[in-house]
Amino acid sequence: MKNRGQTPSQLAGGRSSGPQGTRLFAVEKLRQYAGEAEAGTTGRASVREPVLEGSSAGLAGRRFVLRTGRQTIGRRDDNDIVVNHPSVSASHAWIINHQGHYVIMNTLSTNGTFVNDKRIHETTLKHGDRIRLGQAALVFLTREHDAPAPARRRRIFIGLLVLVALGALAWWRVA
């Protein structure tokens with residue numbers, strides 16, 4: 001047998017293993033695997049996969065895709081969304097998907113959590129809401145900046161239908 005005489009840690013490529021040979025990973029390796037798994041998402045904002053987009057210095061343009069369940073936001077590396085800014089608490093807030101609605105909840109942070117410049121303890125987020133954690137600013141997006149709002153799209157569609165109907169009526173009267 002090829003692996004005979006090797007310890008489980010040697011078989012795991014230098015990583016230690018549990019009693020049944022279960023491989024244990026370093027935090028850095030798990031972050032790498034998580035990053036590779038997130039690469040499968042488009043990063044484009046949608047109702048199913050909203051994003052937090054950074055809008056302050058140091059965060060501008062960075063996107064954090066929100067998933068179902070609870071995600072923690074803070075300065076510490078073990079948060080789901082890491083915002084490395086001195087005004088952000090180690091564990092600053094939670095974002096929870098509650099039956100399709102995203103709720104942000106302050107977790108007793110030092111500098112507070114604000115939505116649209118109003119200090120909050122807990123609130124439901126809507127597209128375009130401006131979130132501030134200490135001095136770090138983000139925007140909650142459920143669609144892309146260039147995508148028209150659904151109501152606007154409907155009005156455009158109805159307007160086009162009316163124009164087509166009027167054109168058909170005018171053609172019928174002339175003919």
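## Accessibility and the predicted model

A residue is called exposed when its relative accessible area is over 50% and buried when that area is under 20%, with partly exposed lying in between. By this cut-off Asp78, at 52% relative accessibility, counts as exposed. The structure discussed here is a predicted model, and its side-chain contacts are taken up below by type.

## Salt bridges

Another of the salt bridges joins the side chains of Arg63 and Glu53 at 3.0 Å, N to O. Because Arg63 belongs to strand β2 (residues 63–65) and Glu53 to strand β1 (residues 51–54), this pair ties together parts of the chain that are ten residues apart in sequence. The two partners fall into separate accessibility classes, since Arg63 is partly exposed with a relative accessible area of 28%, while Glu53 counts as buried at 14%.

A further salt bridge is formed by the side chains of Asp80 and Arg67, at 3.2 Å, N to O. This pair links distant parts of the chain, with Asp80 in the loop between β3 (70–74) and β4 (81–82) and Arg67 in the loop between β2 and β3, 13 residues apart. Asp80 is partly exposed, with a relative accessible area of 38%, and Arg67 is likewise partly exposed, with a value of 40%.

## The aromatic pair

The ring centres of Tyr102 and Phe140 lie 6.0 Å apart and the ring planes stand at 50°, so the pair is classed as tilted. Tyr102 is in strand β6 (residues 101–106) and Phe140 in strand β11 (residues 136–141), and the pair thus links distant parts of the chain, 38 residues apart. Tyr102 is buried, at 4% relative accessibility, and Phe140 is also buried, with a relative accessible area of 2%.

## Charges over rings

Arginine side chains are also placed over aromatic rings, as two contacts show. The charged end of Arg70 sits over the ring of Trp94, at 4.2 Å from the ring centre, and Arg132 lies over the face of Phe114, 4.0 Å from the centre of that ring.

Conventions. Residues are numbered from 1 along each chain as its sequence is written. This is a predicted model: local features need pLDDT of at least 70, side-chain atom pairs count only at pLDDT 80 or more; totals for chains, interfaces and linings use all residues. Side-chain values use heavy atoms; hydrogens and water are left out. A salt bridge is a side-chain nitrogen of Lys or Arg within 4 Å of a carboxyl oxygen of Asp or Glu. Helices (H or I, at least four residues) and strands (E, at least two) are DSSP runs, numbered from the N terminus. Buried means under 20% relative accessible area, exposed over 50%, partly exposed in between (1.4 Å probe, protein chains only). Rings of Phe, Tyr and Trp (its six-membered ring) pair if their centres lie within 6.5 Å; planes under 30 degrees apart count as stacked, over 60 as edge-to-face and the rest as tilted. A charge sits over a ring if NZ of Lys or CZ of Arg is within 6 Å of the ring centre and within 35 degrees of the ring normal.
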